Amino acid sequence: MLRWIVWRDLMLAWRRRSDMLSTVFFFVIVVSLFPLGIGPETQLLRTIAPGVVWVAALLASMLSLGRLFANDYQDGTLEQLLLTPQPLFLVVIGKTLAHWIVAEVPLVLIAPLVGLQFNLDPDTLLILFASLLLGTPVLSLIGSVGAALTLGLRGGGVLISILVLPLYIPALIFGAGAVEASIMGTSPAAHLYLLGAFAIVSSLFSPWATAAALRISLE
Amino acid sequence: MNIYKYASPATFYPVAGKMIPWFAIPSAILFAVGLFVGFFVAPTDFQQGDAYRIIFIHVPAAWMAMLLYVLMAIYAGIGWTFNARLASMMASAIAITGAMFTVLSLVTGALWGKPTWGTYWAWDARMTSTLILLFLYIGFISLQAAIDDPRRADRAGAVLALVGVINVPIIYFSVQWWNTLHQGATIRILGKPSIAAPMLAAMLIMLAACWLYSVAVVLIRLRCIILEREQNASRFAEVGV
């Protein structure tokens with residue numbers, strides 16, 4: 001069941017590749033705008049790099065959240081999924097996993113490349129990659145709660161950012177903190193452990209919250 | 001007497017009306033007493049001079065902001081699990097008062113920060129988490145405002161409030177987690193508090209006043225919500241409200 005959901009969502013995403021690419025391009029463009037706005041001083045750019053890349057990742061992943069349930073909601077698939085005998089949280093885990101693979105993994109892969117624009121050294125690029133790899137599942141998991149709550153509401157796109165962005169803040173603090181620690185030459189391990197802890201806690205709780213929210217939204 | 005009958009909005013409406021003065025009047029008295037003790041009885045602080053006196057509103061407001069969020073989440077949770085309309089209405093009524101206290105604690109904190117730290121805003125852990133708390137309140141209020149069906153609004157708000165309540169312990173432990181310039185907690189339940197007795201007394205009186213004020217205002221708002229949602233119920237139709 002889980003595999004079927006993931007496979008189905010991946011196939012759907014593959015047939016609409018442009019959606020996936022637009023998220024990646026959004027991320028790259030937002031990150032590239034900061035040096036243009038701030039100026040080309042290497043030292044300054046290196047200092048702001050962790051925050052800029054992480055904030056851009058938050059915004060990019062939030063943009064794609066609208067697609068998590070909206071299409072299935074509109075064509076009625078979601079209602080059928082709710083009626084299946086399998087527990088709803090399995091469906092939610094499957095859809096969230098597919099969302100992570102489609103929307104977040106490309107960002108994680110391209111992040112070291114945009115990090116080069118900010119003159120980060122190879123070790124730091126690795127930490128940036130690792131922090132995003134650990135942190136983006138948190139974004140997908142928490143974001144799925146917001147996506148389920150705002151399903152079918154007017155102004156859902158803006159509303160979801162108000163609901164979800166404050167909840168992203170711990171991931172942002174420790175994700176950017178890990179990269180910053182690496183730039184300063186200290187160990188980023190503590191930040192990465194905390195990010196990992198967030199990922200575990202949110203994977204335990206948020207599928208249930210999302211399932212509950214879906215039942216509320218589809219009543 | 002069956003107390004559960006008061007879980008019905010229509011029955012609770014007149015009871016709430018009778019309860020309001022019992023909270024509003026003591027609240028006004030305690031505000032007056034607390035401000036008098038705070039301004040005239042409590043001694044001037046050795047380091048901060050008279051500027052510290054803003055804590056008599058700042059600290060109670062910050063406490064209320066956090067406590068009301070938890071209370072709101074509890075009421076929303078009760079409303080969701082037991083399908084109790086009145087509890088959900090209570091949660092919606094609390095949200096605005098909680099958001100107001102959050103704004104109040106941020107504003108008074110900024111005004112206090114200027115003379116003592118030399119800046120209105122520092123990205124200190126507690127200030128930042130209070131700001132996040134305000135965002136959570138705004139999220140709750142705007143989610144409920146965006147949903148037309150009141151029952152769906154209640155339940156969706158409950159999910160959001162329960163998810164967001166994870167943030168409140170982070171606020172509380174932030175002082176230990178992040179090492180910043182905010183002064184450590186001066187009031188401890190165990191052990192001797194590190195402030196003078198009149199200061200503590202003024203702060204606790206102000207806290208009690210804020211509690212009573214919150215109850216009174218929440219009940220007033222609850223009555224408005226009941227009227228708005230149950231306007232078609234026969235009981236109100238008869239009275240012609």
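Which residues touch the most other members of the largest nonpolar core? I looked these up and found A:Val53, A:Ala213, B:Met72 and B:Val159, in a core of 123 residues. A nonpolar core here is a set of buried Ala, Val, Leu, Ile, Met, Phe, Trp, Tyr and Cys residues joined through C-beta atoms within 7 Å. A residue counts as buried if 20 or more other C-beta atoms lie within 10 Å of its own, as exposed if 12 or fewer do, and as partly exposed in between, with C-beta atoms placed from the backbone. Helix α2 (residues 55-81) of chain B gives the most to this core, with 16 residues.

I noted the ground rules next. The model is predicted, and local features need pLDDT of at least 70, side-chain atom pairs count only at pLDDT 80 or more, while totals for chains, interfaces and linings use all residues. Residues are numbered from 1 along each chain as its sequence is written, and chains are lettered from A and ligands numbered from 1 in the order in which they are written.

Because 19 of its 27 residues are buried, α2(B) is largely enclosed by the rest of the structure. Just after α2(B), I found B:Asn83 with a positive phi of about 55°.

I turned to where the chains meet, counting two residues as in contact if their C-beta atoms, placed from the backbone, lie within 7 Å. Chain A and chain B each bring 17 residues to the contact. On the side of chain A that touches chain B, α6 (122-149), α7 (156-184) and α8 (189-217) of chain A each give two or more residues, and α7(A) gives the most, with seven. Leaving aside neighbours within four places in sequence, B:Val159 is in contact with A:Val145, A:Leu149, A:Ala209, A:Ala212, A:Ala213 and A:Ile216.

Last, I looked at chain A as a whole, which has eight helices and zero strands. Its C-alpha trace spans about 55 × 30 × 30 Å along its principal axes, and buried residues make up 47% of its 219 residues. Among contacts in chain A between residues at least 6 apart in sequence, 80% join residues at least 24 apart.

Note on methods:
Helix = DSSP H or I, 4+ residues; strand = E, 2+ residues; numbered from the N terminus.
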